[in-house]
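Here is a walk through one structure, residue by residue. Have the sequence and the 3D view open as you read.

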Amino acid sequence: LLPGYAAIMRHPNGELNFCTYIIPGGKAKNEDLHDIHYGLIKDDPYVSKGLGPKADIETMRPGSLRLGGEARTSGNHVIVIGDAAGLIDPLTGEGIHFALASGKMSGQAIIAAFSAGNFSSGFLKQKWDDRWQKEWGSEFYWSMKICLVFYYFPGLLDAAA
């Protein structure tokens, strides 16, 4: 699975989500995701214990994660944050920090919009998009460049390990 990870998350309604993530650059490819996902459920003692003996497993629905931030994460009356906005480090796959920080930062943008009575695309871009891009844009840019080097030259990743 490396580079990648799996996680079990409990939602407020009590449902469990089991997610398997593959980060580009390793031996695991997108077409391997199904076998890796169900293999972990079946064979990994921690995953099977975490899900419990009577887990109702739905069919896996694969999808790509947005990495490194989307070019535009706001519009008229809309702000997109966290994973939905692509606020995930392309090299490490880390996104929890960005999700939490973007929640706080977007809350400040929403307060500013209420105070100004302005929820326009331009105002939200200034208060949200421009702010997160100033905060993390360079980090995401360089992380993606390093990730691409490992993608095109996977031997470097093996040499580093």
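Buried means under 20% relative accessible area, exposed means over 50%, and partly exposed lies in between (1.4 Å probe, protein chains only). The model is predicted: local features need pLDDT of at least 70, side-chain atom pairs count only at pLDDT 80 or more, and totals for chains, interfaces and linings use all residues. Residues are numbered from 1 along each chain as its sequence is written, and side-chain values use heavy atoms, without hydrogens and water.

Start with the aromatic rings. A pair is described by the distance of the centres and the angle of the planes. Rings of Phe, Tyr and Trp (its six-membered ring) pair if their centres lie within 6.5 Å; planes under 30 degrees apart are stacked, over 60 edge-to-face, and the rest tilted. The whole structure holds 5 aromatic pairs. In one of them, Phe-98 and Trp-136 sit edge-to-face, 5.2 Å centre to centre, with 80 degrees between the planes. This pair links distant parts of the chain: Phe-98 is in helix H3 (residues 96-116) and Trp-136 in helix H4 (residues 121-152), 38 residues apart. Helices (H or I, at least four residues) and strands (E, at least two) are DSSP runs, numbered from the N terminus. Both Phe-98 and Trp-136 are buried.

Another pair joins Tyr-141 and Trp-142, also edge-to-face: 5.0 Å between centres, 90 degrees between planes. Trp-142 counts as exposed because its relative accessible area is 52%. Tyr-141 has 44%, so it is partly exposed. Phe-98 and Trp-136 also belong to one aromatic cluster, together with Trp-132 and Phe-140.

Now move to the surface. Leu-148, Val-149, Tyr-151, Tyr-152, Phe-153 and Leu-156 form a nonpolar patch with about 620 Å² of accessible area together. Accessible areas come from the Shrake-Rupley method with a 1.4 Å probe; for residues, only the protein chains shown count as cover. Patch residues have over 30% relative accessible area and no salt bridge; like charges are joined within 9 Å, nonpolar side chains (Val, Leu, Ile, Met, Phe, Trp, Tyr) within 5 Å. A salt bridge is a side-chain nitrogen of Lys or Arg within 4 Å of a carboxyl oxygen of Asp or Glu. H4 gives the largest share of the patch, 4 residues.

Is His-37 buried or exposed? At 6% relative accessible area, His-37 is buried. His-37 lies in helix H1 (residues 33-43). His-77 sits in the loop between strand S3 (74-75) and strand S4 (78-79). With 65% relative accessibility, His-77 is exposed.
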